[in-house]
There are 4 protein chains.
Amino acid sequence: MTGVSGKESVSLDLLRQKMRDFAKERGWEPYHTPRNLLLALVGEMGELSEIFQWKGEVERGLPNWKEEEKVHLGEELSDVLLYLIQLSDSCDIDLGQVALRKLQLNAVKYPVNK
Amino acid sequence: MTGVSGKESVSLDLLRQKMRDFAKERGWEPYHTPRNLLLALVGEMGELSEIFQWKGEVERGLPNWKEEEKVHLGEELSDVLLYLIQLSDSCDIDLGQVALRKLQLNAVKYPVNK
Amino acid sequence: MTGVSGKESVSLDLLRQKMRDFAKERGWEPYHTPRNLLLALVGEMGELSEIFQWKGEVERGLPNWKEEEKVHLGEELSDVLLYLIQLSDSCDIDLGQVALRKLQLNAVKYPVNK
Amino acid sequence: MTGVSGKESVSLDLLRQKMRDFAKERGWEPYHTPRNLLLALVGEMGELSEIFQWKGEVERGLPNWKEEEKVHLGEELSDVLLYLIQLSDSCDIDLGQVALRKLQLNAVKYPVNK
């Protein structure tokens with residue numbers, strides 16, 4: 001699974017399993033109903049937006065951001081992802097599979113102009 | 001990569017590459033600035049919320065939902081994921097790696113009670 | 001209540017009453033629980049964001065927008081407001097009064113530098 | 001403007017003027033571009049959602065909530081309202097007037113069944 005870069009390829013299945021274990025070990029499963037997780041996700045979207053709120057337009061790659069700002073941003077992006085995975089799981093939806101399917105639908109909906 | 005189930009393990013890297021190719025083929029890259037993608041993500045979060053808005057509390061696994069509602073839900077969950085991946089990419093942040101790191105931070109922040 | 005401009009001064013109490021009447025006449029009250037209305041509000045926030053999503057930075061006053069875009073924007077801003085008023089009402093919170101109080105708190109939190 | 005209850009009827013115009021003065025006194029006007037305010041609004045929507053996120057379904061009127069929770073909720077509802085008013089103002093849109101118009105459109109769109 002690891003290559004020359006030493007980085008693990010991170011699959012949605014891996015993250016889902018880690019989130020399941022995490023919730024189980026802490027007894028949090030009863031709280032993880034679909035609408036609870038959806039509202040938690042909206043909460044994290046808000047925290048993500050706050051990072052960008054007073055900045056005006058932002059350049060791709062964030063060349064002018066401080067390292068600590070980028071670290072913070074990475075944490076908020078992660079929180080959105082992790083709740084999204086948990087929400088999908090609570091709805092018995094395989095996020096990776098539906099995302100692949102959606103990409104195919106998008107390719108049909110927006111054909112490449114030649 | 002495929003097992004007995006015939007399902008591909010979907011990695012964040014794979015989806016990121018597919019989104020990059022998709023945007024490039026359509027000439028959409030100039031629009032994919034961080035704040036544009038963030039607002040698109042908020043837009044998709046809204047569409048996701050609309051699916052749940054008049055339903056009252058919803059059971060785990062969605063036992064009473066129609067198949068077409070679940071398909072629609074899968075599409076909206078996918079849209080959120082795909083814009084989240086693009087937003088991360090536009091910020092030069094490796095979403096899979098920061099998510100793994102966030103899981104480690106969460107494990108420290110919320111220790112398992114023994 | 002009307003002045004030379006012919007414009008009615010619109011109070012939050014007026015809008016709340018109109019929304020109450022509207023829901024009652026249509027038998028929608030059973031659906032107007034706090035979390036249902038909250039998710040509807042998030043849905044409208046998404047529609048509002050979509051108007052701005054591919055535009056890059058936008059000038060104050062929207063000098064370059066078409067009239068129909070501004071009309072559409074006004075409708076989405078209204079939808080957010082109307083659900084916010086209904087959500088407050090469903091929680092038995094007087095939105096106008098708490099907003100006045102919040103302004104006072106903000107003035108203390110962010111004193112004017114002299 | 002005040003009745004037996006001693007409560008001021010709070011108009012959207014009043015709150016808009018107070019927000020204008022507030023921003024002007026603090027020199028915050030340069031930051032109050034439409035997209036900055038929109039993202040701030042999304043941030044506040046997130047904080048509002050967090051109040052409801054682990055609660056399961058919530059009864060109208062919040063009969064089981066502590067006083068301090070209701071005070072906190074009032075503050076977050078206010079923050080959403082105040083940024084919504086500022087966003088509208090930055091777009092040169094009269095929120096009260098467009099909301100009245102939207103109510104008329106809604107009445108046409110959703111006629112009362114007789």
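The unreviewed UniProt entry annotates residues 33–101 of chain A as "domain: NTP pyrophosphohydrolase MazG-like"; such annotations may be inferred rather than shown by experiment. This is a predicted model, where local features need pLDDT of at least 70, side-chain atom pairs count only at pLDDT 80 or more, and totals for chains, interfaces and linings use all residues. Residues are numbered from 1 along each chain as its sequence is written, chains are lettered from A in the order in which they are written, and side-chain values use heavy atoms, without hydrogens and water.

The annotated span is 72% helix and 0% strand, with its end C-alpha atoms 25 Å apart. Helices here are DSSP runs of H or I, at least four residues, and strands are runs of E, at least two.

Next, the core. The largest nonpolar core has 128 residues, and F52(B) and F52(D) have the most contacts inside it. Such a core joins buried Ala, Val, Leu, Ile, Met, Phe, Trp, Tyr and Cys residues through side-chain atoms within 4.5 Å. Beyond its neighbours within four places in sequence, F52(B) is in contact (heavy atoms within 4.5 Å) with residues including L38(A), L87(A), W65(B) and L39(C).

Now the rings. There are 16 aromatic pairs over all chains, counted when ring centres lie within 6.5 Å, with planes under 30 degrees apart stacked, over 60 edge-to-face and the rest tilted. F22(A) and W28(A) pair edge-to-face, 5.7 Å centre to centre and 70 degrees between the planes. F22(A) counts as buried because its relative accessibility is 11%, whereas W28(A), at 28%, is partly exposed; buried is under 20%, exposed over 50%, partly exposed in between (1.4 Å probe, protein chains only). Ring pairs also link F22(A) and W28(A) with Y110(B) in a cluster.

Note on methods. Rings of Phe, Tyr and Trp (its six-membered ring) pair if their centres lie within 6.5 Å; planes under 30 degrees apart count as stacked, over 60 as edge-to-face and the rest as tilted.
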